[in-house]
Amino acid sequence: MGKFYVTTAIDYVNGVPHIGHAYEKILTDVIYRHYTQRCENTFFLTGTDEHGIKIQKTSAEKGISPKEFCDMNAQSFKDAWKKLDIGYSKFIRTTDEEHEKVVQKIFQKLLDKGDIYKHAYTGLYCSGCEAFLSEKDLTEDGLCPDHQKKPEVVSEENYFFKLTKYKDAIIKHIQTHPDFIMPSWRATEVLNQLEHIEDISVSRSKSNVSWNIPVLNDDEQGIYVWIDALSNYITAIGYDPDGSSDLFKALWPVDVHVIGKDILKFHSIYWIGILMALDLPLPKHIFAHGWITIDQTKMSKSLGNVISPTSILESFNLEIPDPLRYYMATSAPCGKDGNYSDDDFKEKVNAHLANSMGNLLNRTLSMLVKYFDGDIKPGFLGKNELTEQAVNTIKAVKHHFDYFEIAEAGQKIIELVDITNKYVTDNAPWTLAKEGNMERCGVVLTNVLEVMCVITSLIYPYCPNIARSMSDQLSYNLDTKLDNLTCSNLKSGHLIDKENIKPVFLRMDSELADKAQKIK
């Protein structure tokens, strides 16, 4: 594969990051890291959405300017992603000067083309969504389904985008590209929404919303979210109607937009219509993930169950974010909702990362030192009975990532760990050593360590710090591309000394982990 470009939704900075934001960023980072193992040119974009009425009102309540408020909250997102090892290539803010300039050009291009027109309008506006809703969007009680509030009736003269002009083309694209929307069963939902689609407002009156990007040559209008926020995916990599950058030409179209299921409509309909109007290639995939509940309850400020991802790291005294990354990335089947609970978090990562994977490496290396002084002899290599299982797992993991089935791929990796643990139990190298069958003992241990190299590569996107620790102890090159990954990674000679064998992840409730924190 030549290139891979992946984006998240950009987060609205009216608040600070919570675990729902973190879930999407972790999923995307895992996808990105996996594809760095398969591609030469990869790019990961995330960022913040910083215009609109909510920012305007909240900053006024705090007695600071909208830009000061955005600066403060955008930094809180950057800080959180740093603690979670989110390795994005670029963090875009919609208040970036270059973004604002290109958005104005995009708006003008669509206006000149006749795809944007001015129109007096009365509609139902939800301030929570910052969107106009139709009566079909509301509950039986006339409420916004997401915010459970009645929209206000707003009358304005705004600019509208001719979305209906592209309705048939969007429908045809979805129907002829079954992997465009993923998981594929969400396409039916989008096609149903397209039946009743209308032209969309792409500006707001400056008298009602002053914190936005001005429309060129119209002092009374500001550019609205659909062109402002959605365009970040192209402005961030150098799109410009007057001449785009080499980076844009190399990366576009995007390989996948990773978004929450609640904004699928805006990405699979509104954004696609805008791209068609700009005569740009369409995204290869749009992946809509589910939500994260807390103890089986939807997150809500009123319920007081909104959790900060960094608070989880702090409450469990975690020095690395890998356990939380692994747990969140494997918390839900593709596109389905997941759940977070402290007890399940601790139980799952202890079982998978400490007891199964970490302990397998630790005891195998310890036996290599005990029986062979940490050496791998030439006769131990090239006789791996686990090769077929390892190769099949590599293929399965790649296949799952092709369909953005991140939890399912993680399950395959742990299944390989379990198979390898069973291999150790069945072959009992400690018994072989006791019986004096040292060559067979060495072959068994080397076979396990070869597979541990494969597991190290496969687990890396989920647990980059743990994978680096494993690769160090195995003297394994973690930069190995998945297409070149085999069960012939080790060389004969000295591998490791006893003092260099360290647990790659301590159980979260272990005495050793507690002591490590106290010493620190």
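Proline 183 is located in the loop between strand 8 (181-182) and helix 6, where helices (H or I, at least four residues) and strands (E, at least two) are DSSP runs numbered from the N terminus. A cis peptide bond, with omega about 0°, links methionine 182 to proline 183. The model is predicted, so local features need pLDDT of at least 70 and side-chain atom pairs count only at pLDDT 80 or more, while totals for chains, interfaces and linings use all residues. Residues are numbered from 1 along each chain as its sequence is written, and side-chain values use heavy atoms, leaving out hydrogens and water.

A cis bond also runs from tryptophan 252 to proline 253, with omega near 10°. Proline 253 belongs to the loop between helix 9 (246-251) and strand 13 (256-260).

Two residues other than glycine have a positive phi: aspartate 85, near 55°, and alanine 428, about 40°. Aspartate 85 sits in the loop between helix 3 (66-83) and strand 4 (90-93); alanine 428 lies between helix 15 (406-427) and helix 16 (429-434). Buried means under 20% relative accessible area, exposed over 50%, and partly exposed in between (1.4 Å probe, protein chains only). Alanine 428 therefore counts as buried at 12% relative accessibility, whereas aspartate 85, at 23%, is partly exposed.

Helix 4 (residues 97-113) has buried residues including His99, Val103, Ile106 and Leu110. An α-helix has 3.6 residues a turn, so residues three or four places apart point the same way. After helix 4 comes glycine 114, with a positive phi near 90°.

Glutamate 347, in helix 13 (residues 342-372), counts as exposed because its relative accessibility is 58%.
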